[in-house]
Amino acid sequence: MKKSRILLVALSAVIALSSSACGGNASGGKEPTVKVWTPYATQKIMRDRSYSVSSEPVLKYEMAKNETEGAQFIITPENDYKVEAFTVEVTDLACGDSVIAKKDINVYLEKYVRIVEQINHNEAYGAGYTPDPLLPFDKAIEYKENKVEGLNQGVYITVKTHKYTPAGTYTGSCKINVDGKKTYNVPVSVTVWDFAISDEVHTRSLFDIWSSYLMNCELENSP
């Protein structure tokens, strides 16, 4: 009788271990819970820093013809969920019968550089994992780097217009699929102004102002 009980306990332990080993990804096969949000394109979102997010995600561009502009979204896992792999797909952008084709939209994974010492007085960009290199997303998939390793993972998306692109507001969507289980839709809006940037630009673009102003990116310190 005692041997039967010992055998039953051992068998139960084996079944329990087998079940946990086949639970899917590191989050135990549970439903993905992530926040997808869209800060300014010029804002560096650190990989291992928490941010308060309140606005609804939307990728918004305002640009001239014959120009390339970028915007970003951030994936922030919630409830200790671990993102093993995610994909990004952007649709064509339409304005009536006019279209900005997917071939003129490029997706990049933001890579992070570990800054070990803060050498400026700007607390927003101190030491830690700072986004800097941009890896084409198809390469990120090839290298199996399309995952979230910290608190945040940024994705940078550029849109290119041509001289012949009609002015107007183009709309579409960006679909983010997490671990093949859940899809998040982010609206995309591109306003194209009715003038074109010349192929050669000779306007002065470097101005001698305080570096701390440059590091704040925009708004408060941009007269």
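A salt bridge is a side-chain nitrogen of Lys or Arg within 4 Å of a carboxyl oxygen of Asp or Glu. I start there.

**Entry 1: ground rules**

The model is predicted, so I keep its limits in mind: local features need pLDDT of at least 70, side-chain atom pairs count only at pLDDT 80 or more, and totals for chains, interfaces and linings use all residues. Numbering runs from 1 along each chain as its sequence is written, and side-chain values use heavy atoms, with hydrogens and water left out.

**Entry 2: salt bridges**

I counted seven salt bridges by the rule above. Side chains of opposite charge can pair when their charged atoms come close.

I looked up R47 first. R47 bridges to D48, and their closest N and O atoms are 3.7 Å apart. Is R47 buried or exposed? R47 is buried, with a relative accessible area of 16%. Here buried means under 20% relative accessible area, exposed means over 50%, and partly exposed lies in between (1.4 Å probe, protein chains only). D48 is partly exposed at 42%.

Next I took K65. K65 forms a salt bridge with D194, with 3.2 Å between the closest N and O atoms. This pair links distant parts of the chain: K65 is in strand β2 (residues 59–65), D194 is in strand β11, and they are 129 residues apart. Strands (E, at least two residues) and helices (H or I, at least four) are DSSP runs, numbered from the N terminus. K65 is buried at 13% relative accessibility, whereas D194 is exposed at 63%.

Then I checked K139. K139 bridges to E142, again by closest N and O atoms, at 3.2 Å. Both residues lie in helix α2, three residues apart, about one turn of the helix. K139 is partly exposed, at 33%. I also noted that salt bridges with shared partners join R47, D48 and E149 into one network.

**Entry 3: rings**

R47 came up again. R47 lies over the face of Y129, at 4.0 Å from the ring centre. A charge sits over a ring if NZ of Lys or CZ of Arg is within 6 Å of the ring centre and within 35 degrees of the ring normal.

How many aromatic pairs are there? I found three. Rings of Phe, Tyr and Trp (its six-membered ring) pair if their centres lie within 6.5 Å; planes under 30 degrees apart count as stacked, over 60 as edge-to-face, and the rest as tilted.

One of the pairs is F86 with F137, tilted, at 5.5 Å centre to centre and 50 degrees between the planes. F86 lies in strand β4 and F137 in helix α2 (residues 137–142), so the pair ties together parts 51 residues apart in sequence. F86 is buried at 0%, and F137 is buried at 6%.

Another is W193 with F195: the centres are 6.1 Å apart and the planes are at 10 degrees, so this pair is stacked. W193 is partly exposed at 36%, and F195 is partly exposed at 44%.

**Entry 4: P131**

I found P131 in strand β8 (residues 128–136). P131 is buried, at 7%. Which residues does P131 contact, leaving aside its neighbours within four places in sequence? They are K44, I45, M46, E110, K111 and Y112. Contact means heavy atoms within 4.5 Å. P131 and M46 are 85 residues apart in sequence and 6.5 Å apart in space, C-alpha to C-alpha.

**Entry 5: positive phi**

Most residues other than glycine have a negative phi. I looked for exceptions. N79 is not a glycine, yet its phi is positive, about 55 degrees. N79 sits in the loop between β3 (68–77) and β4 (86–90), and is exposed at 57%. D179, also not a glycine, has a positive phi of about 55 degrees. D179 sits in the loop between β10 (168–178) and β11 (182–196), and is buried at 18%.
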